[in-house]
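Reader: I have a model open on my screen and would like to talk it through with you. Could we take it topic by topic?

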Amino acid sequence: MWAMILKEFLELRRDRRTMAMIVALPLVLLVVFGYAANFRVQDVPTQVVGPHAEHVAAQLRSPFDVQRVDASADEQDGRLALRAQDAGAVVVTSGAAGPARVLIDGSNLFSAQAAASAALAANGALKPDVLFNPDLKTSWVMVPALVGMIMAFIGTIITAIGLVRERQTGTLEQLAVMPFRASDVIAGKIAPYFVLAAVDMVLVSVLGCLLFGVPFAGNAAVLALGAALFLFTVLGVGVLISSVSQNQGQAMQMALMTLLPQILLSGMIFPLPAMAAGVRWIGYLFPLTYFNKVSSAVMLRDAPLSSLVLPLCVLAGMALLVFTAAVLRFRRDLAPVAPKAARTAVPAGGER
């Protein structure tokens, strides 16, 4: 028995990926739940518009973080600012006596709840008006995020496991002696997963709208563009994982280690503004963070394309970087195989 115990310890020590997961995963969970597990939003980016903007802005308290005061702007300007996500709340003042209106972006659930609660507690000085999600339904916020999460799972896990399976069956050795470039091989391998994930995205979006009454207020082409860029990124991550994994178990472990932080730190579960600054910036390194911004903006707010330039450009940059790294890694992965395969190939005359 002791010999078997010692044997298992030695094998575990040699398996660096498993050891890394055993050590790193608890640390990731500790940091995430210690610094990111916070639903209370302290600061809501706020703009104040209307004739008495200066006076009202001076009286606003937390969580309203006044970032712009414009006495010449009106309610329409405030609505446009919310749609473009330039603000989480807009206080609209008027010349008549009475409470000022607070327009609140309901697509950011926790920020909206904080702003609405503060407005109701302002002793009648503020009147909340929630836009884009008037009843503050959790399902309206979760469905756009679930679209990205499902695509991330399919793109990362299925791609990584599928390519590792081909390495184990020897298919890569056959590809090495064929006149294919590494980019051609990767494109051919990920195309079916791209189509499958796209079909799942459409299915989840349609069912979310039908079952939970989630509106689709924006342009489907803009969402498709963001989804395509996001898919190229996560598929590239899957290829990278497969290139450093020796078997399907290792591929699954590494895929989960990349997916878990994305889900926890992308703003899908815990609001980004409520996270500690250091952990929040880690969240901005993940593609799911930016796709969530695109999907929520398109489905709930009908955000214009001009307001989504930043997340779309970041996704495009990530897709290019990851896909390039995947091609280079895959090319290096095939290189050692080619000489061996070439040496065992049978000459045209039938002799070795």
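Reader: Among contacts in the protein chain between residues at least 6 apart in sequence, what percentage join residues at least 24 apart?

Author: The share is 73%, where contact means heavy atoms within 4.5 Å. Before we go on, please note that this is a predicted model, in which local features need pLDDT of at least 70 and side-chain atom pairs count only at pLDDT 80 or more, while totals for chains, interfaces and linings use all residues. Residues are numbered from 1 along each chain as its sequence is written, and side-chain values use heavy atoms, with hydrogens and water left out.

Reader: How many helices and strands does the protein chain have?

Author: The protein chain has 14 helices and five strands, taken as DSSP runs numbered from the N terminus, with helices being H or I of at least four residues and strands being E of at least two.

Reader: And what percentage of the residues count as buried?

Author: Of the 352 residues of the protein chain, 42% count as buried; buried is under 20% relative accessible area, exposed is over 50%, and partly exposed lies in between, using a 1.4 Å probe and protein chains only. The chain exposes about 17800 Å², of which carbon and sulfur atoms supply 65%, with accessible areas coming from the Shrake-Rupley method with a 1.4 Å probe and, for residues, only the protein chains shown counting as cover.

Reader: Let's go inside, then: which residues of the largest nonpolar core touch the most other members?

Author: In that core of 41 residues, they are Met-151, Val-214, Phe-230, Phe-291, Val-298, Leu-308 and Leu-315. A nonpolar core here is a set of buried Ala, Val, Leu, Ile, Met, Phe, Trp, Tyr and Cys residues joined through side-chain atoms within 4.5 Å. At least two residues of this core come from each of α6 (138-169), α8, α9 (220-243), α10 (248-265), α12 and α13 (309-334), and the largest share, 12 residues, comes from α6.

Reader: What is Phe-291 in contact with, leaving aside its neighbours within four places in sequence?

Author: With those neighbours left aside, Phe-291 is in contact with Pro-144, Val-147, Gly-148, Met-151, Leu-223, Gly-226, Ala-227, Phe-230 and Leu-315. There is also a second, separate core of 21 residues, which includes Val-44, Val-48, Phe-64 and Ala-116.

Reader: Is Asn-292 buried or exposed?

Author: Asn-292 is buried, its relative accessible area being 9%, and it lies in helix α12, residues 287-301. Leaving aside its neighbours within four places in sequence, Asn-292 is in contact with Pro-144, Ala-145, Ser-266 and Met-268.

Reader: Switching to charges, how many salt bridges are there?

Author: The count comes to four, a salt bridge being a side-chain nitrogen of Lys or Arg within 4 Å of a carboxyl oxygen of Asp or Glu. One of them joins the side chains of Arg-68 and Asp-70 at 2.8 Å, N to O; Arg-68 is partly exposed at 33% relative accessibility, whereas Asp-70 is buried at 18%.

Reader: Which residues are linked in a network of salt bridges?

Author: The network links Glu-75, Arg-79, Arg-101 and Asp-129. Within it, the side chains of Arg-79 and Glu-75 meet at 3.1 Å, N to O, and these two residues are separated by about one helical turn because they are four residues apart in helix α4 (residues 75-83). The side chains of Arg-101 and Asp-129 meet in a salt bridge at 2.4 Å, N to O. Arg-101 lies in strand β4 (residues 100-105) and Asp-129 in strand β5 (residues 126-131), so this pair ties together parts that are 28 residues apart in sequence.

Reader: How many aromatic pairs does the structure hold?

Author: The structure holds four aromatic pairs. Rings of Phe, Tyr and Trp (its six-membered ring) pair if their centres lie within 6.5 Å, and planes under 30 degrees apart count as stacked, over 60 as edge-to-face and the rest as tilted. One of the pairs, Phe-232 with Phe-323, is edge-to-face, at 6.5 Å centre to centre and 90° between the planes. Phe-232 lies in helix α9 and Phe-323 in helix α13, so the pair ties together parts that are 91 residues apart in sequence.

Reader: Which residues do ring pairs link into a cluster?

Author: Ring pairs link Phe-194, Phe-232 and Phe-323 into a cluster.
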